[in-house]
Amino acid sequence: MRLTVIGCSGSFAGPESPASCYLVSAEHEGRTHHLVLDLGNGALGALQRHVDPADVDAVLVSHLHPDHCIDLTGLYVTRTYHPEGVPSDRLPIHGPSRTEQRLHEAYEGLGAEGMSSVFEFHTLAPGTPTRIGPFVVDAFPVNHPVEAFGFRVTADGAVLAYSGDTDTCEELTPLLTGADLALVDSAFVEGRDEVRDIHLTGRRAAEAAVAAGGVRRLMLTHIPAWNDPEVCRSDAAAVWPGEVELARPDTTYEV
Ligand SMILES: [Zn+2]
Ligand SMILES: [Zn+2]
């Protein structure tokens, strides 16, 4: 399984990265399958450097803040109006309960059918794995001001755990435990951001990974452009015994 970071800027697109978007790819039955985790501001542009949007097999949306879902409006355009033809199949979109309404409202002016002609909407259900080609995805509810999930993606015997946006919560343990790569929100900075129940700091991300146990690699993500990423890294390094990695846009990692 391969993880390509499309966008890792926290909360809004930055000068060097779009907002949240991760492409997960694996070979299966003679072709490459592609899963997209979140499609935030600016991500659809950068995604096209790595995959034709028509070749995406499914999109999973962690929550409905714009930095995680708003470029689905552009993906809708590519699958509705492309002059060289549009895919015949509807694209599965797995997200929180209001995903279909949220996108309908964001686009403005759609008829009653909304985006259902090109997207097949599924509501995430914790405890019920989603199977897409070689991928099995378990969704865990996490601690954010809106309905929000983290995703545990298993394929080829490897595990990628993505926290989405969250602060500390019990569900991080089953989400992260034994992950080959844990991709964890670290938007907040120790000593600066005192508000709780929105985002992790680097330190709290590392504490969650240590508490979960068996995490092989810790990678910090969702770092806003106004942060010094090295401060986030050092917050995590105070707790994490190994190398603390920082997600880099346009970079592919073997999981
Ligand atoms: Zn976010
Ligand atoms: Zn959020």
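This is a predicted model: local features need pLDDT of at least 70, side-chain atom pairs count only at pLDDT 80 or more; totals for chains, interfaces and linings use all residues.
Me: What share of the residues count as buried?
Reply: Of the 255 residues, 54% count as buried. The chain exposes about 10,400 Å², with carbon and sulfur atoms supplying 49% of that area.

Me: What about contacts across the sequence, how many join residues at least 24 apart?
Reply: Taking contacts between residues at least 6 apart in sequence, 61% join residues at least 24 apart.

Me: On to the metals. Which residues coordinate the zinc ion (ligand 1)?
Reply: Its donors are Asp-67 (OD), His-68 (NE2), Asp-165 (OD) and His-222 (NE2), at 2.1 to 2.2 Å. Along the chain they follow the spacing D-H-x96-D-x56-H.

Me: Why is the arrangement of those four donor atoms called irregular?
Reply: The angles around the zinc ion (ligand 1) run from 91 to 164 degrees, which makes the arrangement irregular. Four donors count as tetrahedral only if all angles lie between 85 and 135 degrees.

Me: And which residues hold the zinc ion (ligand 2)?
Reply: That one is coordinated by His-63 (NE2), His-65 (ND1), His-144 (NE2) and Asp-165 (OD), at 2.1 to 2.4 Å. The site of the zinc ion (ligand 2) is irregular as well, with angles of 90 to 169 degrees among the four donor atoms. In sequence, the donor residues are spaced H-x1-H-x78-H-x20-D.

Me: Where do His-63 and His-144 sit in the chain?
Reply: His-63 is in the loop between β4 (58–60) and α2 (66–69), while His-144 is in the loop between β8 (135–141) and β9 (149–155). The two are 81 residues apart, so the pair links distant parts of the chain. His-63 is buried at a relative accessible area of 0%, and His-144 also counts as buried, at 9%.

Me: Which residue bridges the two zinc ions, and how far apart are they?
Reply: Asp-165 bridges the zinc ion (ligand 1) and the zinc ion (ligand 2), which lie 3.5 Å apart. Asp-165 is in the loop between β10 (158–162) and α5 (172–176), 98 residues from Asp-67 in helix α2.

Me: Are Asp-67 and Asp-165 buried or exposed?
Reply: Asp-67 is buried, with a relative accessible area of 5%. Asp-165 counts as buried too, at 2%.

Me: Changing topic: how many aromatic pairs does the structure hold?
Reply: There are five. One of them is Tyr-76 with Tyr-107, an edge-to-face pair at 5.1 Å centre to centre and 75 degrees between the planes. Tyr-76 is in helix α3 (residues 72–81) and Tyr-107 in helix α4 (residues 99–107), 31 residues apart. Tyr-76 is buried at 4%, whereas Tyr-107 counts as partly exposed at 26%.

Me: What does Tyr-76 do with Phe-119?
Reply: They form an edge-to-face pair, 6.3 Å centre to centre with 70 degrees between the planes. Phe-119 is in strand β6 (residues 119–123), 43 residues from Tyr-76, and Phe-119 counts as buried at 0% relative accessibility.

Me: Last one, which residues make up the aromatic cluster?
Reply: Tyr-76, Tyr-107, Phe-119 and Phe-121 form one aromatic cluster.

Methods: Residues are numbered from 1 along each chain as its sequence is written. Chains are lettered from A and ligands numbered from 1 in the order in which they are written. Side-chain values use heavy atoms; hydrogens and water are left out. Donors are N, O and S atoms within 2.8 Å of the metal (3.2 Å for Na, K and Ca); water is not among the atoms, so sites may look incomplete. Four donors count as tetrahedral if all angles lie between 85 and 135 degrees; four count as square planar and six as octahedral if opposite donors are over 155 degrees apart and all others between 65 and 115; anything else is irregular. Helices (H or I, at least four residues) and strands (E, at least two) are DSSP runs, numbered from the N terminus. Buried means under 20% relative accessible area, exposed over 50%, partly exposed in between (1.4 Å probe, protein chains only). Contact means heavy atoms within 4.5 Å. Accessible areas come from the Shrake-Rupley method with a 1.4 Å probe; for residues, only the protein chains shown count as cover. Rings of Phe, Tyr and Trp (its six-membered ring) pair if their centres lie within 6.5 Å; planes under 30 degrees apart count as stacked, over 60 as edge-to-face and the rest as tilted.
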